[in-house]
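Please look through the sequence and the model below before reading on. The paragraphs that follow take the annotated spans, the packing and the charged pairs in turn.

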Amino acid sequence: MSLLKNKSPTIWQWLRKNLFNNWYNSILTVVCLWVLVWAIKSILTWVLTQAKWAVIQANFSLFFVGRFPQELYWRLWLALVIILGLTGLSWGAIAKRFPSRFNTWLPLGWALSFPIILWLIGGGLGLQPVESGLWNGLLLTILTAAVSIFISFPLGILLALGRQSQLFFVRWFSILYIELIRGLPLIGILFLAQVMIPLFLPPEIRLDRVLRGMAGLTLFSAAYLAENVRGGLQSIPRGQFEAARSLGFNTPLTMLLIVLPQALRAVIPALVGQFIGLFKDTSLLAIVGLLELTGIARSILAQPQFLDRYAEVYLFIGFIYWIFCYSMSLASRRLENQ
């Protein structure tokens, strides 16, 4: 008996089946196409003939590095080279283009690069110090997001493990922290971090506003990451624990070597979604007086010659946010596939 192969429909067959299968669908399709063409034409007309892009050109450096000293730009370029190099290596590792032994050293490379990049930006230890008040624009956005992600991720894992702990104090402390933070808006936590953190520190220790903003983002993100990780832990079958015990693993080794890697792999989309949300939430730092990307945009719009250029400025920073968020989403999908 011969097997009949299903041929894929042509474009005209697909259009007839899905868009023009009856009279009212045909009318709706034509109307939607007309609205779409009109919208695209109007947007292109505004972008090419009416928009005043001089505001972007005149303030290009402010958008990206703010008031960072121009003579020290080489330090930012060096930090960018380090990040791009590690990103390329990580992308190759995800695509399995390197030996598996190489992948074990890559997280160590990221961990070591983190303090080096902070040293290049902030100075000290032989480099000219640059106060955090000069870290503005996209530089501050990336820095606050990276530090918050770097700290909140392990903190979230500890809170998720603590919520499932058999120790009464550890379990209820984790539950109280998670539920309390998740019940508060981020803007409220940022204001509390700016006002309350100095009250709990000795008088000789003063954290600047940037560090307090990072602390607020970290505390907020850790609670949500904890719930994401806890969902992954609950998805692991009990047979994994029993098999580990039969092999002689104790509880910490079972959790660290067997359960946790599987749980994190299962919640990669949720974790990356939280990281993307955290990157966008850095825009709220403008409300507490920090000139990150959104804050520097507001200061640019306060310039007398650019008072009415809201559309151009916010379209430009929206495009920057989209590039970074889409890049993280793309890397997440690539990691899931591998």
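Predicted model: local features only at pLDDT ≥ 70, side-chain atom pairs only at ≥ 80, totals over all residues.

Glutamate 227 has another partner, arginine 163, and their side chains meet at 2.9 Å, N to O. This pair links distant parts of the chain, with glutamate 227 in H10 and arginine 163 in helix H7 (residues 137–163), 64 residues apart. Glutamate 227 counts as buried because its relative accessible area is 16%, under the 20% limit. Arginine 163 is also buried, at 17% relative accessibility.

The structure holds six salt bridges. One of them joins aspartate 308 to arginine 309, at 3.5 Å from N to O. Here aspartate 308 is exposed, with 51% relative accessibility, whereas arginine 309 is buried at 19%. Through shared partners, salt bridges connect Arg163, Glu179, Arg182, Glu227 and Arg230 in one network.

Helix H10 (residues 209–234) also contains asparagine 228. Leaving aside residues up to four places away in sequence, asparagine 228 touches Val267, Ala270, Leu271 and Gln274.

Next comes the nonpolar packing. The largest nonpolar core has 50 residues, and those with the most contacts inside it include Phe68, Ile121, Tyr177, Val229 and Leu233. H10 supplies the largest share of this core, 10 residues. A second, separate core has 21 residues, among them Leu138, Ile276, Phe316 and Cys325. Beyond its sequence neighbours up to four places away, tyrosine 177 touches Leu159, Leu219, Ala222 and Ala223.

Nonpolar side chains are found on the surface as well. Trp23, Tyr24, Ile27, Val31, Trp34, Val35 and Trp38 make a nonpolar patch of about 860 Å². Tryptophan 38 sits in helix H2 (residues 23–50) and counts as exposed, at 53% relative accessibility.

An unreviewed UniProt entry annotates transmembrane regions, including residues 21–40, 72–93 and 105–126. Residues 72–93 are 95% helix, with end C-alpha atoms 33 Å apart. For residues 105–126, the helix content is 82% and the end C-alpha atoms lie 28 Å apart. The unreviewed entry also assigns an ABC transmembrane type-1 domain to residues 134–332; that span is 75% helix and 0% strand.

Definitions and conventions: Residues numbered from 1 in each chain as written. Heavy atoms only, no water. UniProt positions renumbered as here; feature names shortened; annotations may be inferred. Helix = DSSP H or I, 4+ residues; strand = E, 2+ residues; numbered from the N terminus. Patch = residues over 30% accessible without salt bridge, like charges linked within 9 Å, V, L, I, M, F, W, Y side chains within 5 Å. Areas by Shrake-Rupley, 256 points an atom, 1.4 Å probe, with all protein chains shown as cover. Salt bridge = Lys/Arg side-chain N within 4 Å of Asp/Glu carboxyl O. Buried < 20%, exposed > 50% of the residue type's maximum accessible area, 1.4 Å probe, protein only. Contact = heavy atoms within 4.5 Å. Core = buried A, V, L, I, M, F, W, Y, C linked by side-chain atoms within 4.5 Å.
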